Each structure stands twice: as C-alpha cells, then as structure tokens.
Amino acid sequence: REEGGGDANTPPSSLLPPPIPVIHAVTDDLVLSQSGFINRARAVMHALGERGAVHLRGKSTPTASLFEIGAALGRAQERSGCWLVVNDRVDVALATGARAVQLTSRSMNVRDARSVTRDIAPEMRLGASVHALGEGLEAADAGADWLVIGNVFKTDSHPGEAERGNWLITELAAATGRPCIAIGGVRPQHIMLLRAARAYGVAAISGIWHADDAEAAAIEYLSRYDAGDGG
C-alpha cells in the first residue's frame, strides 16, 4: 500500500471518472421551445453544479436548434461543472462537447454507441433509459454507465401508462450494480422514499422546468437529496 493507506492497484482519484450526477433535469420539446430557455437552463446548471445534469431531449426539435442550444449549454457545462447530457443523438453530443448521451429505445444501442465514441470521445459516458428488468440487464451488460428507470409514478409526459413503482429500481440496482436514476412524476418529497429503494438519483421534467422558478426548484431537489444523507 502507498502512503495514506491507498491500494497500489487503485488509480489516483484524479484519474477516476467523475461521479454520475444525482439530479437530472430532463427537457422536452415544449420546454426547449419556451422563450428564455437557455438562460433558465444556465441558471439550473449553476444551481446544481457537478452533482447535476441537464438533459437536452427534444424528439421533434430540429437538429439545427438542438445544436444551437447544445453549444450554449456545452459552454455553461464548462463554467458550472453541471453535465450536459444529450438524449438519443450521439452526433449532437459529440458536436457540442456533451459529457454524456442518454440512449433510449429510439436511438443507437449502448454497444454500438460505445463503438462510435470509444476512439473519438473515450471519456463520454452513456446512460440507458429502461422500462423492464430485461432491458436494464441488457443495457448494463452492454456497458451502460447508469440506468434511467421509469416511469416510477404517473406522469403527464407518458399519459395512460401505469406507474411502475419502486420495485424495478431495487431489482436493477441489486442485479447490475449500476447507478439507477428514477424518473416519472418524481417530486422532491419522493426522494427519500426512492433512495430507500436504492435509487442513486432522480430525474424530473415538469418538477423543474414547469416551476415558476426553475433554479429554485432544482435547488429544492438537491436539498431534499442531501437531507437523505443525514439519517
């Protein structure tokens, strides 16, 4: 062992990848189209710092707009430490300097995405959105760095879909060892319950972006998360 008690086979902390963010502020087409979004997103990113991520997610938003927003948030990422994560679009993530891509059933799979980013951006992290045990196991086996699991509660973003509750988070956290992020109707008051179910972090759309003050809402999520560490 080296001085200080560290294992000689353990890489220095400076060489380890940064921890996965615990609060994920996920956008949608409506959020991205709102006037002043970039300024609101910058404020959220500075509020969350390196423990947060803003997901650029816009299924119908034109590529040019995604790139323009991503370029602005990529610069904010460097100043704030908050991660820019691009959903589905590996190309936009690479072009804007995002720290991660969130992959879904509509996008490239984890193994193929890793083959694309391995040489171009080896430090880029890959998340996978899953809705069933088999999907989560497959994504983890392919090398996903984290799993976004939902929808946990009923949510307007997926009308008509039944809530899945906590069991899938608990099962996948135990089976994969991957950080599991809960999404779907998650409010600050749910965080302690979700953490007890082995959620590593939480993701929100309306809870942050539909609030009167998105920055204050992001701070509330982070404060409730930290309150769970004091038990």
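I take buried to mean under 20% relative accessible area. The model I am reading is predicted.

**Entry 1: overview**

I began with the whole protein. I counted ten helices and eight strands. Buried residues make up 48% of the 231 residues. Next came contacts between residues at least 6 apart in sequence. Of these, 64% join residues at least 24 apart.

**Entry 2: helix α5**

Which residues of α5 are buried? I found Val 110, Ala 113, Arg 114 and Thr 117. They cover an arc of only 100° around the axis, so they sit on the same side of α5. I recalled a general point here. An α-helix has 3.6 residues a turn, so residues three or four places apart point the same way.

I asked what covers the buried residues of α5. The cover includes α4 (90-96), β4 (100-103), β5 (125-130) and α6.

I also checked the N-terminal end of α5, which Asn 109 caps. A side-chain oxygen of Asn 109 lies 3.2 Å from the backbone nitrogen of Arg 111.

**Entry 3: salt bridges**

How many salt bridges does a search of the whole structure find? It finds seven. The general idea is simple. Side chains of opposite charge can pair when their charged atoms come close.

I stayed with α5 for the next pair. Arg 114 forms a salt bridge with Asp 145, and the closest N and O atoms are 3.2 Å apart. Arg 114 belongs to α5 (residues 110-120) and Asp 145 to the loop between α6 (133-142) and β6 (146-149), so the pair ties together parts 31 residues apart in sequence. Are the two partners buried or exposed? Arg 114 has 18% relative accessibility, under the 20% cut-off, so I noted it as buried. Asp 145 is also buried, with a relative accessible area of 18%. A network of salt bridges links Arg 114, Arg 125 and Asp 145.

Then I turned to Asp 226, which forms a salt bridge with Arg 51. Their closest N and O atoms are 2.7 Å apart. This pair links distant parts of the chain. Asp 226 is in helix α10 (residues 214-227), while Arg 51 is in the loop between α2 (37-48) and β2 (52-56), and 175 residues separate them. Asp 226 is partly exposed at 33% relative accessibility. Arg 51 is partly exposed at 31%.

Helix α10 holds another pair. The side chains of Arg 224 and Glu 220 meet in a salt bridge, at 2.9 Å from N to O. Both residues lie in α10, four residues apart, about one turn of the helix. Arg 224 is partly exposed at 36%, and Glu 220 is partly exposed at 31%.

**Entry 4: the nonpolar core**

I looked for the largest nonpolar core and found 69 residues in it. Which residues have the most contacts inside it? They are Ile 23, Val 44, Leu 147, Leu 194, Ile 208 and Trp 209. In soluble globular proteins, nonpolar side chains tend to be buried together.

Leaving out residues up to four places away in sequence, its contacts include Ala 25, Val 26, Phe 37, Val 44, Val 54 and Ala 204.

**Entry 5: Thr 61**

Thr 61 is in the loop between β2 and α3 (63-80). Thr 61 is buried, with a relative accessible area of 14%. Its side chain joins that of Asp 29 in a polar contact of 2.6 Å. Not counting residues up to four places away in sequence, Thr 61 touches Asp 29, Leu 32 and Leu 66.

Most residues other than glycine have a negative phi, and most peptide bonds are trans. I looked for exceptions.

A cis peptide bond joins Gly 150 and Asn 151, with omega about -10°. Asn 151 lies in the loop between β6 and α7 (167-176).

Asp 88 is not a glycine, yet has a positive phi of about 70°. I located Asp 88 in the loop between β3 (83-87) and α4. Asp 88 counts as buried, at 18% relative accessibility.

Arg 198 also has a positive phi, near 80°. Arg 198 is in the loop between α8 (191-196) and β8 (201-204). At 46% relative accessibility, Arg 198 is partly exposed.

Definitions and conventions:
Residues numbered from 1 in each chain as written. Heavy atoms only, no water. Salt bridge = Lys/Arg side-chain N within 4 Å of Asp/Glu carboxyl O. Helix = DSSP H or I, 4+ residues; strand = E, 2+ residues; numbered from the N terminus. Buried < 20%, exposed > 50% of the residue type's maximum accessible area, 1.4 Å probe, protein only. Arc of directions from axis to C-beta. Contact = heavy atoms within 4.5 Å. Polar contact = N/O pair within 3.5 Å; in protein donor to acceptor, adjacent residues only side chain to side chain. Core = buried A, V, L, I, M, F, W, Y, C linked by side-chain atoms within 4.5 Å.
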